[in-house]
Amino acid sequence: MNATTVSGRKQPLIYRLPVISHFRTSVGLQRGMLVTGLVLSALFLLTAVFAPLIAPYGYAQLSDAAGTFPAQQPPSPAHIWGTTVSGYDVFSRVIWGAQTAAVVIIVAVAMSIFLGVALGLISGYFGGWLDRMLVVIADAIYAFPSLLLAIVMSIVISHGQSSFWGGIVACSISISVVFVPQYFRVIRAETIRLKAEPYVESAKVVGASSIRIMGRHIFKNATRTLPLIFTLNASEAILTLAGLGFLGFGIEPSSAAEWGYDLNKAIADASSGIWWTGIYPGTAIVLTVLGLTLVGESMNDLNDPRLRGRKKAGSKKAPAGPVPTAGAQAATEAESSSS
Amino acid sequence: MTTNIDRPGRGSGPVLDIENLKVTFATDGGDVFAVKDVSLEVNPGEVVAIVGESGSGKTVTAKTILGLLPETATSQGAVLINGNNVITVSAAKLRQIRGRDVAMVFQEPSTALNPVYTVGWQIAEGIRAHADTGSGNKISAKEAKTRAIEALRKVGIPDPETRVNYYPHQFSGGQKQRVVIAAALALNPGLIVADEPTTALDVTVQAEILELLRDLRDKYGTSIVLITHNMGVVADLADRVVVMYQGDVVEEAPARVLFAEPKQDYTKKLLAAVPHLGRNSASEGMTERAHQGGKVLVEAKNLTIEYPGRLGSPAFKAVDGVSFTVSEGEVFGLVGESGSGKTTIGRAIAGLNRTTGGSLKVLGYEMLNYKERTFKPLRKEIGFVFQDPAASFNPQLTIGDCVAEPLIIHSKPTPAEARKRVGELLESVQLPASYADRFPHELSGGQRQRASLARALILNPKLLIADEPTSALDVSVQAVVLELFKEIQQEFGFAALFISHDLAVVDMLSHWVGVLYKGKMVEQGLGNQVMGNPQHNYTKKLIASLPVPDPDEQARRREAFKAVLHS
């Protein structure tokens, strides 16, 4: 405690960034969880970025110089994870699918985070009828199953099927409709809590305008939990996207690769012993969601001082084992002999 | 366990024996040595007070006695209770010791009791938990209840047969603390550890609880370890005093000796810092109200402030027909217990609460149905110092940014001008100007409160409202901040409304004092007259309840005021 308050005036920016600061404060199992999550997420992101370099074929490629790809072929040197019923290369589809997923996460979260935070701040700070109305709307959206809502939105926006960007935007909007209320609620709750803090009152007494109070005093203090919701929502976004694709409301296979769509097409294969078309996209979804969730969960634990594990006090002196108890033993002996 | 009835240790040898206790906490910033080397003994029927400022390790020591330390702590040494070393015994054994040999009374009675169970159930819980470890036969619910009633009677709860079925919210704060003490007493332990048992209570209630604890010792021979920072409480109750500072025992002496001739410098400093009613009064030698020629800055006439009640219940009158004035350059002290409405008045003057009746004129502006837009220009004439300096600064901004905020809002200076002015102000509150670059958590409590004062004064306001500015601070820090406040007030010449529950603190600073009781102003007058010759019964009781840091004088006062206290 003393070390941080007295010596270091302010730690360099890099150590104060969300994930890095979390990594530095973690120990033991919590660090293991965080590292596993980070490695999986990094793997996902790298695959997404370098998909054109990694994938041997395009996502919609059905033939190359050697001719048309055979359908439903088991893994072979030419197609290391085999091919699908339509003749797509599974490996390439999985790799390109990471790119689609990453773009959808970014667009969906970006769309929902700004709207959700702004609405949450305003609604929490001013209260009154606006607050009540927004809360009712948020509750109403909660009452819908999120996938149903996403389906409805995707039909409204793109009539079910569409091009790469059309599909991405449709998916993102349908996902953000579900997420805006989440950000809204978290920020609103924090704002209501912070509104009663003495430093906000002190700004009011001084005569600061509402916009200044919201922007300078509440916003920064209310956003602490955002990285956490961000990671958890990112994993949920992938699942929603996969769900949409699986149900056939996603993106056309000729526009982009999409794990959910591939899983859908693999249903029939499963019963005829063709495992490779389903296992690989499925594993990709599981690992990505697992990675993001692990990052989110360990950030949650590390943010809370009560859940955060620490190195045992005095562990440097641990080898000096019996020393501390010697006095106690002597005392117990003295006591027992006297009684 | 046949020793359950005639307990070993009681009557012979110490009840508690702490030897070379060391406690270390693992934190993010490395290990913190909370208790470095503490040894102490408590004899049967003795009240030992452990005093010290926050961070001295007194509460950690108390928690070690019951084995209540969190997982991040490692303790070494020995804490012997009737021959059992609490640090090394098994969890099962520790459970037997707790409640039967040693019990705890917590600081905040309203959180120490579970709101969804009756108090009788909660007292009986301890009795039943220990029933089968004794003679083997279980205690019936009926018997446990009888014993709970007995325990409630012991601590002076009237009509215990009925009230044993009450829930915690049906008791007042002082009665709740009595219930907590009753729960601690249920198994008749030889030792009670009381961690700041009166800190959360009003001073008049505090006097009652202290009397109860004294009775317990006298009647049942219970030993008490009293953890407190209040020297008056120590003087009132303790036989022996252990002074702790930064995890070490600095001095240990019988109470009388310690107060009469403290040996260590730290103890002397600590005792000198305790505000003493009647000494160092701001209104000393005054015979009539000063500063009456100047402009009247705050004028309240029949001021009423109501909080709307829940559906169906009537509105709660926090302030009920209060009239007073604060003139230019005058320090008006507002004293009262919790719920007296003193904070509500302060907040209403600053426009944080709405008034509902009567008239409140602040700098000539009528606050009844005020509009933020028209009141805003006047805000730069009003400074406000909040109670908790830690919470009144935005943790994300530097001290410099926080202090400069009023300036930036009202006069839009250039960054260089603002910085210069902040530096000046920080220096006038005796902080180095370089502290402007620090963050609030990097300052100590006293330094933060000075920075808070600097922020309130940066626009040179005519009126300063200080709401319990020192009640979150340690005694020695409080003394320094109060001294500074006094100096600055004389230098800047602003009028101030000084709100506090502590009579001695108010007396030190205020020329004119108003006493609030349940929303009504029961008495106002010159500081020295109100304190020296109180007229209203409530003021008399308030002054009588305040323990003075001197065992002999306190014993005399206790006798002399007995009649007043029980009225």
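**View 1. The two domains of chain B sit with their C-alpha centres 35 Å apart.** Domain 1 spans residues 16-273 and domain 2 takes in 328-338 + 370-545; these bounds come from an automatic or database domain assignment. Where they meet, eleven residues come from domain 1 of chain B and nine residues from domain 2 of chain B, with a contact meaning that two C-beta atoms, placed from the backbone, lie within 7 Å. On the domain 1 side, α8 (203-220) and α11 (265-273) of chain B each give two or more residues, and α8(B) gives the most, with four residues. Helices (H or I, at least four residues) and strands (E, at least two) are DSSP runs, numbered from the N terminus. This is a predicted model, so to speak of local features we ask for pLDDT of at least 70, and side-chain atom pairs count only at pLDDT 80 or more, while totals for chains, interfaces and linings use all residues. Residues count from 1 along each chain as its sequence is written, and chains are lettered from A, with ligands numbered from 1, in the order in which they are written.

View 2. Chain B has a mean of 86, with 96% of its residues at 70 or more. Among the elements of chain B, strand β3 (residues 47-51) has the highest mean (93) and helix α21 (residues 551-565) the lowest (81). Chain A averages 77, and 83% of its residues score at least 70. Take care with residues 316-339 of chain A, where pLDDT is below 50, and with residues 1-10 of chain B, where it stays under 50. For the model as a whole, ipTM is 0.74 and pTM is 0.76.

**View 3. Strand β4 (residues 73-81) of chain B is tucked in, since seven of its nine residues are buried and so it is largely enclosed by the rest of the structure.** Buried means that 20 or more other C-beta atoms lie within 10 Å of a residue's own; exposed means 12 or fewer, partly exposed is in between, and C-beta atoms are placed from the backbone. Strand β1 (residues 16-27) of chain B pairs with β4(B) in the antiparallel sense over eight bridges, and strands count as paired if DSSP finds at least two bridges between them. Look for B:Phe25, whose bridge partner in β4(B) is B:Ala73. β4(B) also runs antiparallel to strand β5 (residues 84-85) of chain B, joined by two bridges, with B:Ile81 opposite B:Asn84. Two residues lie between the strands of this hairpin, and B:Asn82 takes a positive phi near 50°.

**View 4. The largest nonpolar core holds 248 residues.** Such a core is a set of buried Ala, Val, Leu, Ile, Met, Phe, Trp, Tyr and Cys residues joined through C-beta atoms within 7 Å. Those touching the most other members include B:Ala182, B:Leu226, B:Val403 and B:Phe498. Helix α6 (residues 90-126) of chain A gives the largest share, 16 residues, while domain 1 and domain 2 of chain B each supply at least three. Zoom in on B:Leu226 and you'll find B:Val47, B:Val48, B:Ala49, B:Ala194, B:Leu237 and B:Ala238 in contact with it, leaving aside residues up to four places away in sequence.

Methods: pLDDT is the predictor's confidence in each residue, from 0 to 100.
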